[in-house]
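Morning, everyone. I'll take you through one structure today, starting with a term we need. Have a look at it first.

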Amino acid sequence: MTQTDPIRDAARLSVAPMMDWTDRNCRRFHRLMSRRALLYTEMVTAPAVIHGDRARLLDHDAAEGPVALQLGGSDPAELREATRIAADWPYDEVNLNCGCPSDRVQSGAFGAILMTTPGLVADCVTAMAAVSPVPVTVKCRIGVDDQDSAAVLPGFLAMLRDAGVRRVTIHARKAWLKGLSPKENREIPPLDYPLVHAMKAAFPDLHLSVNGGIATLDQARDQLAVMDGAMIGRAAYHEPWNILGGADAIWGDRPPFEGPADVARAMRPLILDHIAQGGRLHQVTRHMLGLFHGMPGARGWKRTLSEGASKGGIEVYDAALAQVTEAA
């Protein structure tokens with residue numbers, strides 16, 4: 001892959017894969033605000049892809065792209081089969097989760113615990129790449145538990161490079177697999193940006209993105225002065241306009257909308273189409289509660305949707321939007 005590869009370019013700014021959040025409705029909403037950022041699916045386990053409802057797990061609209069599929073697993077044969085199956089869907093990247101610290105992931109022997117078995121990770125990504133028409137990438141932590149991150153992370157990246165991986169996203173915190181909840185693992189282990197920055201200097205041939213603690217677009221820009229990419233998670237979900245509304249300027253492009261009310265109006269026909277196909281209003285609007293974060297009328301917008309979207313239709317959406325436009 002070369003530096004002009006369009007997905008590498010998109011990865012200058014990405015929205016992190018987040019369980020229960022970054023589903024297809026969320027991605028379509030985020031895509032309206034940024035034509036350029038790389039979006040991710042929720043993590044899908046390899047066994048679920050092999051044995052489950054593939055259409056429900058993998059279907060997405062081409063308008064969401066560029067979009068990456070994140071897989072969870074630790075069995076090279078299973079990951080190869082899941083990647084082969086996913087090749088029938090138009091994803092732009094397949095990503096292996098080596099960073100999630102949840103108990104459910106640990107019990108399946110994948111996620112962050114994989115950082116303790118780098119040889120197995122090499123086998124996994126090699127198997128995936130053998131059947132993938134798109135790049136295979138990895139998202140990892142700087143280490144787990146009592147590992148010496150400064151010693152472990154360079155070896156882990158070298159192993160990935162030797163296995164053919166050319167793009168890695170590094171969450172700049174350790175994962176503590178015992179004693180901390182997933183939420184605490186996102187907040188308590190200290191961020192070590194200098195170590196991640198040092199990895200970019202040590203591996204100039206790899207495209208490296210940094211994740212963790214990036215809460216504003218300005219912070220992402222600061223990271224891009226050193227790193228190839230910045231990945232934003234919860235801030236992009238809770239304050240989508242503040243993060244994605246001006247994101248395309250990173251690529252020198254004019255953002256698609258002047259303000260969040262324009263985004264809300266543009267979402268209306270998409271919501272109508274979703275409802276016409278049997279969907280529920282709240283399946284879309286639950287991802288939009290933070291659209292007007294910090295703005296007049298935001299409380300009324302959020303309250304109207306939170307209280308009415310589970311039972312109501314487009315009239316609830318229109319009433320919520322009226323809360324904001326009248327306040328403005």
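Partly exposed, in this talk, means a relative accessible area between the buried limit, under 20%, and the exposed limit, over 50%. Keep in mind that this is a predicted model.

Now apply that term. D318 has 30% relative accessibility, so it counts as partly exposed. R268 also comes out at 30% relative accessibility, and therefore R268 is partly exposed too. These two side chains meet in a salt bridge, 2.9 Å from N to O. What does the pair tie together? R268 sits in helix α14, residues 260-276, and D318 in helix α17, so the bridge joins parts that are 50 residues apart in sequence.

R268 is among the residues touched by Y317, leaving aside residues up to four places away in sequence. Other contacts of Y317 include A264, M267, I271, W301 and L305.

That takes us to the core. The largest nonpolar core has 103 residues. Which residues have the most contacts inside it? They are L157, I170, L291, W301 and Y317. Helix α17, residues 314-327, gives the most to this core: six residues.

Back to salt bridges. How many does a search of the whole structure find? The count is 13. R84 and E81 meet through their side chains at 2.6 Å, N to O. Both belong to helix α5, residues 76-86, and they are three residues apart, about one turn of the helix. Why does that spacing work? An α-helix has 3.6 residues a turn, so residues three or four places apart point the same way. R84 has 42% relative accessibility, so it is partly exposed. E81, at 27%, is partly exposed as well.

Another pair is E258 and R254, with their closest N and O atoms 2.9 Å apart. Are these two buried or exposed? E258 is exposed, and R254 is too. There is also a network of salt bridges, linking D9, R36 and D253.

Last stop, helix α11, residues 217-224. Its buried residues are L217, A220, Q223 and L224. Seen down the axis of α11, they fall within an arc of 115 degrees, so they line one face of the helix. On the other side, D218 and D222 are exposed. What do the buried residues of α11 pack against? Their partners are the strands β1 (13-15), β7 (207-211) and β8 (229-232), plus the helices α10 (193-202) and α13 (240-244).

That's my tour. Questions, please.

Conventions: Residues numbered from 1 in each chain as written. Predicted model: local features only at pLDDT ≥ 70, side-chain atom pairs only at ≥ 80, totals over all residues. Heavy atoms only, no water. Buried < 20%, exposed > 50% of the residue type's maximum accessible area, 1.4 Å probe, protein only. Helix = DSSP H or I, 4+ residues; strand = E, 2+ residues; numbered from the N terminus. Arc of directions from axis to C-beta. Contact = heavy atoms within 4.5 Å. Core = buried A, V, L, I, M, F, W, Y, C linked by side-chain atoms within 4.5 Å. Salt bridge = Lys/Arg side-chain N within 4 Å of Asp/Glu carboxyl O.
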